[in-house]
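Open the structure in your viewer and keep the selection tool ready. Each stop below tells you what to pick next and what is there.

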Amino acid sequence: MTISFDSSLLLAYYQNRAGVPVTGSASTAAPAKQVAPTAPWQSTPTPTADQTSAAIRSALAGHSLIDENAAKLDLAGASTDYKKLFALYQGLGTLSAMADKAQAKGTTAQDLRQLGQAFTKGMSEVSAYVAAAKLDNVRLAQGDVSISAKTTLGVARTQTEYVTGPLVSGSSSTEVPAFQGAVQFTISAKSGNNTKTVNINLADLGVLPRTLGNVINYVNGKLQDAGIASRLATQRTPAVPTTTTVGGKTVTLSPGADQWALKVKVDSIETLSFSAPATAGAVYLAQSVGDPNPDKNPLTDDGVTSRELLKFQTDTTAVDAAPKPAGAANWVDGRVFSEALGPEVKTVRATKIGPDGSVYMLADITAKTGDQAIKGGQDVALMKYDSAGKLLYTRTLGASDEASGLGLAVSADGQVAVAGSLTGGLIGAQTGPTNSGPTGTNAAASDSFVTLYDKDGQEVWTERRGARLDDEASQVAFGADGTVYVAGRSKSAVPGTTTIGGWDSYTEAFKADPKGKVQTLFAQSFGTTGDDRPAGLVMDGTSMVVAGTEDGHAVLRRYDVSGAAPVLTATRDLGDLQGGDIAGLALDGGQVVVAGTTSNAALAGGTITHALSGGTDAFAVRLSADLAPGAGDAVAYYGGSGNDKATSLAVGGGKVWIAGSTASDLPNLDPMGVKDGFLAGLDMGTGQATWSRRFTGKDRQAVPSAIAFDASGSSVLDRLGLPQGTLTMAGSQRLTAASALRAGDQFTVAADGGRPVAVSIDDKDAIDTLATKVRRALGFNVLVDIVTVNGTRRLQIKPSSDRSTITIGSGKDGQDALPLLGLSPGVVRATTTQDGKTVPGDGKAQIYGLKLDTAINLSSADQIKHAAAELATAMGVIRNIYKDLVAAASPKTATPAASTASGPVPAYLTNQIANYQAALDRLTAGSS
């Protein structure tokens, strides 16, 4: 008798014995039961071009991106969770398609604007949908899901150490070149009302080698004898191996030698100051280095440039020049230091010397600087450096879209004024009656702004003034009574002025009343019917002198501002610049100096003390401050036979200092690169450059953009890497000073799914007061701690119990504090482990974070790439949620428990196994 046998049963038996998953053939296996509707990425993994175009057209037409009714389910009775997830996925897919379209070839600027607007609207829709979505089996958060939230923004604790740059390589017993020669300086320590002073003279070491160890022991002995608790020490930077590629292989190079620096350890009750008996003039210079167009194709954006801050000692009569630092690139005689600025610094517009000898720098930044994020695509940064080139603080404006810093002034008492232009929101700024900001009828037009900071770098007030069309404030100066005077230009009438034609120049004045409200003292336009531009502003008592280009001419105007409105008292036309421009205006005693670039060999500024050399030259004109012609008026040109350009001006030490760039010859200076920078000190009486340097940078290109002169800025302290004046160890604790946060920025918090409560930033908020606000907003049912990370104090938020959840939400558009604090919208919850899985501690549904940045946009190529990556991540999270839901709905395969029986095998089982074995032998007969 023939007995039929199902071989699949036998195969299943042996697979089960071997631990192999059971499989079957298409002809014999029963179809799997559908447990979930088909996901859209399964039915149409790659949307067609027509589908993508239709989705984009719908979004551009203003239609909703998320439509639950359009999300079809092919399984009757399926959970509505799937419909909501599929609808959200398709909305994110449309946003992703828009990002792809923005990157595609042939997309016009108009297309980008339309896509950008629709994308922003779509992101708002996604955020609102995720916040309101109620699902049965999962919970959604737009941001991340974590067990704690910690700000990346930190406010520095009071520092206790100051570390110089490297002074020597090798060991601490190596003689230090900077210690050689005449080295004398003074250390003062103030504690309460008591000041103790120690004079240091390394000649006291006698025949002892001037090593770090010997010098530190000598100085510390003097400090101890004087009863000063602060001390010097060494700071070692260990050498590390480096790698290079040779012949396609990575080669590890020798680590080289350790580097050693001085460390000043400041006692907590003392304030230290450094000074030197002999000083010399110094010029601080900001420049751009690198080739902006390496392939020489203006249509490509392949240039990589960077910014630097340099310091030059301008005479060696009383102070010996510092030796060349080991390994210094592009060094020239007289250069004290060269500090590389971060890649986020796009340009440096101005530098000024503070009354304490510090250096203020005004820059535009395009990304996060230090721990400080920015709101928009570009912001204004005010940076303060000490005389040794160490950054003391950075203050960012906090514009929500784009801002440029164009003018900088420092008062005799240390206040700082910054002027510029901006588009988009600026929370907390007082505005004029026809401000054209984001809520006006001309949201895309740029507005003028001016901000006043106190001597500690804390914002006092910001005034925003807008015309109907574009305008900008480019010059700023302080009056003797603290009034802030501004000059700028506009395409239409600034409030209080009239239109003349083209770009008009204007002046304004601002002063806070006793209650702190800023008053506009006057506003007045001037110029020609053509395009005019102010390029300098100085105050001479109660008179204001403005320099600018008017119809191509260099023109100076003097106004009496002692009354209610400016009265024009003098005008001086220097002549046609013939395509050149003005680089700056400065007040030098009873005279004014204007500098710039021209090819006009006969400027009408007085006696020509040095003639034009050829092409375009830098020029300087010295005039009486009242602008009346006089015998002391002088014009001096500086340049070579080619085209030279002046970019900045400073005065001091009896000289006019001009910086600029050249690709030609210069008097007594050899070429160094393709396009060099130059710095020259002109004696206006003779027209000669009595001090000059030519220098280059990365890719053999350098273009100076701003200079500042300090008559006593250099000393022997430069060689030691120590600053002149008081060591600044404590910074502002205000969040608005330490970041781009502005008063009025906010975020929301909610406990256990409750109503979100807004937490707003005040102008005087510190980390501690913000922590108190968060605790109060959450009903004190939260753990809010201040933690210290790398010397900065940061805020950390955690649930107070395992069953508690905290939802962190974004603030209003243009007022969202989360990115600036370094927090992400999302959920903070405790977790527990069940069956080997991490689950929410509150016992409710799993929480999934889309990790989607709320601020993504299509404003630039980098932003578009970032948006595409964020959307891809969010869509991946939704696919993972679907997998988890399918896994949870799928029947579980029972796993037989292991038998623990003992004894002989039953006869029936022995016979059954023998029959199975015989069947298997017949099935596999002849095979090998």
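The tour starts with confidence, then moves through rings, charges, a loop and a strand.

**Stop 1: colour by confidence**

This is a predicted model. The mean pLDDT of the protein chain is 89. Of its residues, 91% reach 70 or more. Now select residues 1-29, where pLDDT stays under 50. The model has 15 contacts beyond four places in sequence for this stretch. Next, select residues 433-441, where the pLDDT is also below 50. Beyond near neighbours in sequence, residues 433-441 have 25 contacts in the model. Where pLDDT is low, the predicted coordinates should not be read in detail.

**Stop 2: aromatic pairs**

How many aromatic pairs are there? The count comes to 14. Select Phe312 and Trp691, an edge-to-face pair. Their centres are 6.2 Å apart, with 75° between the planes. Phe312 belongs to strand 15 (residues 306-313) and Trp691 to strand 42 (residues 688-695), so the pair ties together parts that lie 379 residues apart in sequence. Buried or exposed? Phe312 is buried, with a relative accessible area of 0%. Trp691 is buried too, at 9%.

Move to Trp657 and Phe709. Their ring centres are 5.3 Å apart and the planes meet at 15°, so this pair is stacked. Trp657 sits in strand 40 (residues 655-662) and Phe709 in strand 43 (residues 702-715), so parts 52 residues apart in sequence are tied together. Trp657 and Phe709 are both buried.

Now select Trp41, Tyr82, Phe86, Tyr89 and Tyr882. Ring pairs link these residues into a cluster.

**Stop 3: charges over rings**

Which ring does the charged end of Lys390 sit over? Select Tyr162: the charged end is 5.0 Å from its ring centre. Then pick Arg489 and Trp503. Arg489 lies over the face of Trp503, at 4.0 Å from the ring centre.

**Stop 4: a loop residue**

Go to Ala71. It lies in the loop between helix 3 (49-60) and helix 4 (80-103). Ala71 has 0% relative accessibility, so it counts as buried. Show its neighbours, leaving out residues up to four places away in sequence: Ala71 touches Lys83, Phe86, Ala87 and Gln90. Draw a line from Ala71 to Lys83. They are 12 residues apart in sequence, and their C-alpha atoms are 5.6 Å apart in space. Phe86, one of the contacts of Ala71, also belongs to the ring cluster of Stop 2.

**Stop 5**

Select strand 31 (residues 543-550). How many of its residues are buried? Eight of eight are. In a regular strand the side chains alternate between the two faces of the sheet. Check one side of strand 31: Ser543, Val545, Ala547 and Thr549 are all buried.

Met539 stands opposite Met544. The hairpin of strand 30 and strand 31 has two residues between the strands. There, Gly541 takes a positive phi near 65°.

Finish with strand 32 (residues 553-560). Eight bridges join it to strand 31, again antiparallel. Thr549 faces its opposite number Ala554 in strand 32. This hairpin also has two residues between the strands, and Asp551 takes a positive phi near 55°.

Notes
Residues are numbered from 1 along each chain as its sequence is written. This is a predicted model: local features need pLDDT of at least 70, side-chain atom pairs count only at pLDDT 80 or more; totals for chains, interfaces and linings use all residues. Side-chain values use heavy atoms; hydrogens and water are left out. Rings of Phe, Tyr and Trp (its six-membered ring) pair if their centres lie within 6.5 Å; planes under 30 degrees apart count as stacked, over 60 as edge-to-face and the rest as tilted. Helices (H or I, at least four residues) and strands (E, at least two) are DSSP runs, numbered from the N terminus. Buried means under 20% relative accessible area, exposed over 50%, partly exposed in between (1.4 Å probe, protein chains only). A charge sits over a ring if NZ of Lys or CZ of Arg is within 6 Å of the ring centre and within 35 degrees of the ring normal. Contact means heavy atoms within 4.5 Å. Two strands pair if DSSP finds at least two bridges between them. pLDDT is the predictor's confidence in each residue, from 0 to 100.
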